[in-house]
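Morning, everyone. Please bring up the sequence and the 3D view, and follow along as I talk.

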Amino acid sequence: MGATHALIIGISDYLRPEDRLPCARPSAERLRATLEKYYAIDTIKSLYDKDATLGGILKSLGKLQSLKREDAVLLALCGHGRTVRGHWYFVPQDASLKDVQHRRFLAEYELFVEYLDQISAAHVPLIVDACY
């Protein structure tokens, strides 16, 4: 067995105060604490609030592409999600729910799939705590 990794994203504080989601970051922090306490995870990277921009998320996903086949990585997304015209989007911190019509600001599920497909790790579970 190779190394185990986790990337945990939790966004409570969005650009617009009315988009605030008080439960998301604490959920992500509790997940991290649980992994640290009960599981032998070699590295855990967390992106919370202002660090969880679209650029920050994509950069962290890109770094996972160097993992080996025998490695495992857990990806967790806690924040706003939206479906627009049949496509699901995770809303990064630097977007707002009003940006739903301007999809270039959002992280489309298919974009996550593209990045996940580039990760050589044999096990890549995805946890999503977001609306659809």
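How do α2 and α3 lie to each other, roughly parallel or roughly antiparallel? Keep that in mind for a moment. One caution before we start: this is a predicted model.

Let's take the helices. Two packed helices are described by the angle between their axes and the distance between the axes. Here, α2 covers residues 54-63 and α3 covers residues 109-117. They pack at an angle of about 25 degrees, and their axes are 9 Å apart. Angles under 35 degrees count as roughly parallel. So α2 and α3 are roughly parallel to each other. The crossing has a hand, too: α2 passes α3 in a right-handed crossing.

Which residues in α2 and α3 meet? From α2, look for Ile-57, Leu-58, Leu-61 and Gly-62. From α3, look for Leu-111, Phe-112 and Tyr-115. By class, that contact has 6 nonpolar residues, 1 polar residue and no charged ones.

Now the strands. Find the open sheet of 4 strands. Its order is β2-β1-β3-β7, and the pairing is parallel. The edge strands are β2 and β7, with β7 at 126-129. Each of those two pairs on one side only. From one strand to the next, the twist averages 10 degrees.

Stay with this sheet and zoom in on β1, residues 4-10. How many residues of β1 are buried? The count is 7 of the 7, so β1 is largely enclosed by the rest of the structure. Its residues point two ways. Thr-4, Ala-6, Ile-8 and Gly-10 point one way, while His-5, Leu-7 and Ile-9 point the other way. Both groups are buried.

Next, the partners of β1. On one side is β3, residues 72-78. β1 and β3 pair in the parallel sense, over 7 bridges. Two pairs to click on: Gly-10 has Cys-78 as its bridge partner in β3, and Ile-9 has Leu-77. Then there is β2, residues 43-48. It runs parallel to β1, and 6 bridges join them. Here, Ile-8 stands opposite Ser-46.

α2 lies across β1, β2 and β3. It runs at about 170 degrees to β2.

Now turn to the other sheet I want to show. This open sheet has 3 strands, in the order β4-β5-β6. The pairing here is antiparallel. Which strands stand at the edges? They are β4, at 81-84, and β6, at 107-108. Each has a single partner strand, so one side of each is left without a neighbour in the sheet. β4 and β5, residues 87-90, pair over 4 bridges.

Is His-87 buried or partly exposed? Buried means under 20% relative accessible area. His-87 has 30% relative accessibility, so it counts as partly exposed. Leaving aside its neighbours within four places in sequence, His-87 is in contact with Arg-82, Glu-108 and Glu-110. Take that last one. His-87 and Glu-110 are 23 residues apart in sequence, and 8.4 Å apart in space, C-alpha to C-alpha.

Most residues other than glycine have a negative phi, and most peptide bonds are trans. Asp-49 has a positive phi, near 45 degrees. You'll find Asp-49 in the loop between β2 and α2. Its relative accessibility is 8%, so Asp-49 counts as buried.

Arg-85 also has a positive phi, near 50 degrees. Arg-85 sits in the loop between β4 and β5. Its relative accessibility is 61%, so Arg-85 counts as exposed.

Last one: Pro-92. Its place is in the loop between β5 and β6. Pro-92 is buried, with a relative accessible area of 0%. How far apart in space are Pro-92 and Tyr-39? They are 28 Å apart, C-alpha to C-alpha, and 53 residues apart in sequence.

That's my tour. Back to the opening question, for your notes: α2 and α3 are roughly parallel. Thanks.

Key
Residues numbered from 1 in each chain as written. Predicted model: local features only at pLDDT ≥ 70, side-chain atom pairs only at ≥ 80, totals over all residues. Heavy atoms only, no water. Axes fitted to C-alpha atoms, helices over the stretch in contact; angles between N-to-C directions. Parallel < 35°, antiparallel > 145°, perpendicular 65-115°, else oblique. Left-handed = near helix turned anticlockwise from the far one by under 90°. Contact = heavy atoms within 4.5 Å. Nonpolar A, V, L, I, M, F, W, Y, C, P; charged D, E, K, R; others polar. Buried < 20%, exposed > 50% of the residue type's maximum accessible area, 1.4 Å probe, protein only. Pairing = 2+ DSSP bridges.
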